[in-house]
Amino acid sequence: MHVPKPALYMAGALVVVVFILAISARFFGFGAFRETPSVVLAERQLTFTDLKDGGILVEDAQTHAVAANLPPASNGFLRGALRALTRERSLAGIGRTQPFRLVRYTDGRLVLHDPATTQQVTITSFGPTQIEAFDQLLVLGPSPQSVGTP
């Protein structure tokens, strides 16, 4: 099979152009999604402790007040978000001592930040049920009941 040389040159040029565009997009941010900074409306630093029965104890990191006591086999989304963030901590060799930051911004976003790894989960991207479960953790007083739905 014989491929004309001009076709090979065009294919090679196309590959080079694609690489140049990909590299320039990476360095200059073309096509990248970035959340615009907003003012913090409410914030709470939280620690999450696995309990022997499979539940999760959520505490305010500053006051050590119980924010929630999540029973076993409940709050699947919250558990999944925490699992993803703690996995990043494990891969980076970071312990559980540094609290997570749950932040509500004036633009309506609700974000769970991990200051140890700079990873974050934007909760408002996942719907009202998840927003409600995490919003309850922003309440300043202790709230020992379960949050959200299973």
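A residue counts as buried when its relative accessible area is under 20%, and Arg89, at 3%, is therefore buried. That cut-off will be handy in the views below, which come from a predicted model.

**View 1. The whole chain, before we zoom in.**
The protein chain holds three helices and six strands. Followed along the sequence, these elements give the pattern α-β-β-β-α-β-β-β-α. The chain has 150 residues, and 31% of them count as buried. If we take contacts between residues at least 6 apart in sequence, 49% join residues at least 24 apart. The accessible surface is about 9600 Å², with 64% of that belonging to carbon and sulfur atoms.

**View 2. Arg89 and its surroundings.**
Here we look at Arg89, a residue of helix H2. Which residues does Arg89 touch, leaving aside those up to four places away in sequence? They are Ile94, Gly95, Arg96, Gln98, Pro99, Phe100, Asp114, Ala116 and Thr117. With Asp114, the contact includes a salt bridge between the side chains, at 2.6 Å from N to O. Arg89 belongs to helix H2 and Asp114 to strand S5, so this pair ties together parts that are 25 residues apart in sequence. Both partners are buried: Arg89 has a relative accessible area of 3%, and Asp114 has 0%.

**View 3. Two further salt bridges.**
In one, the side chains of Arg87 and Glu88 meet at 4.0 Å, N to O. Glu88 is partly exposed, at a relative accessible area of 29%. In the other, the side chain of Arg109 meets that of Asp107 at 2.9 Å, again N to O.

**View 4. The largest nonpolar core.**
In soluble globular proteins, nonpolar side chains tend to be buried together. In this model, the largest nonpolar core has 21 residues, and the members that touch the most others are Phe48, Val58, Leu102, Leu112, Phe134 and Leu137. Two or more core residues come from each of strand S1 (40-50), strand S2 (56-60), strand S3 (66-70), H2, S4, S5 and H3. Which element gives the largest share? That is H2, with four residues.

**View 5. The buried face of helix H3.**
Helix H3 spans residues 128-135, and its buried residues are Ile131, Ala133 and Phe134. Looking down the axis of H3, we find these buried residues within an arc of 160°, so they line one face of the helix. What do they pack against? Their partners are helix H2 (76-91), strand S4 (100-105) and strand S5 (110-114).

**View 6**
Three aromatic pairs turn up in the whole structure. One of them joins Phe48 and Phe100 edge-to-face, with 5.7 Å from centre to centre and 65° between the planes. Phe48 sits in strand S1 and Phe100 in strand S4, so the pair ties together parts that are 52 residues apart in sequence. Phe48 is buried at a relative accessible area of 12%, and Phe100 counts as buried at 5% relative accessibility. Turning to Phe77 and Phe126, the ring centres are 4.8 Å apart and the planes stand at 50°, so this pair is tilted. Phe77 is in helix H2 and Phe126 in the loop between S6 and H3, so here the parts tied together are 49 residues apart in sequence. Phe77 counts as partly exposed at 23% relative accessibility, as does Phe126 at 45%. Together with Phe134, these two residues form one aromatic cluster.

**View 7. Positive phi in two loops.**
Our last stop is a pair of loop residues. Where does His64 lie? His64 is in the loop between S2 and S3; its phi is near 65°, a positive value in a residue other than glycine. At 58% relative accessibility, His64 counts as exposed. Thr118 is found in the loop between S5 and strand S6 (119-122). Although Thr118 is not a glycine, its phi is positive, at about 65°. Thr118 is exposed, with a relative accessible area of 66%.

Key
Residues numbered from 1 in each chain as written. Predicted model: local features only at pLDDT ≥ 70, side-chain atom pairs only at ≥ 80, totals over all residues. Heavy atoms only, no water. Buried < 20%, exposed > 50% of the residue type's maximum accessible area, 1.4 Å probe, protein only. Arc of directions from axis to C-beta. Contact = heavy atoms within 4.5 Å. Core = buried A, V, L, I, M, F, W, Y, C linked by side-chain atoms within 4.5 Å. Areas by Shrake-Rupley, 256 points an atom, 1.4 Å probe, with all protein chains shown as cover. Phe/Tyr/Trp six-rings, centres within 6.5 Å; stacked < 30°, edge-to-face > 60°.
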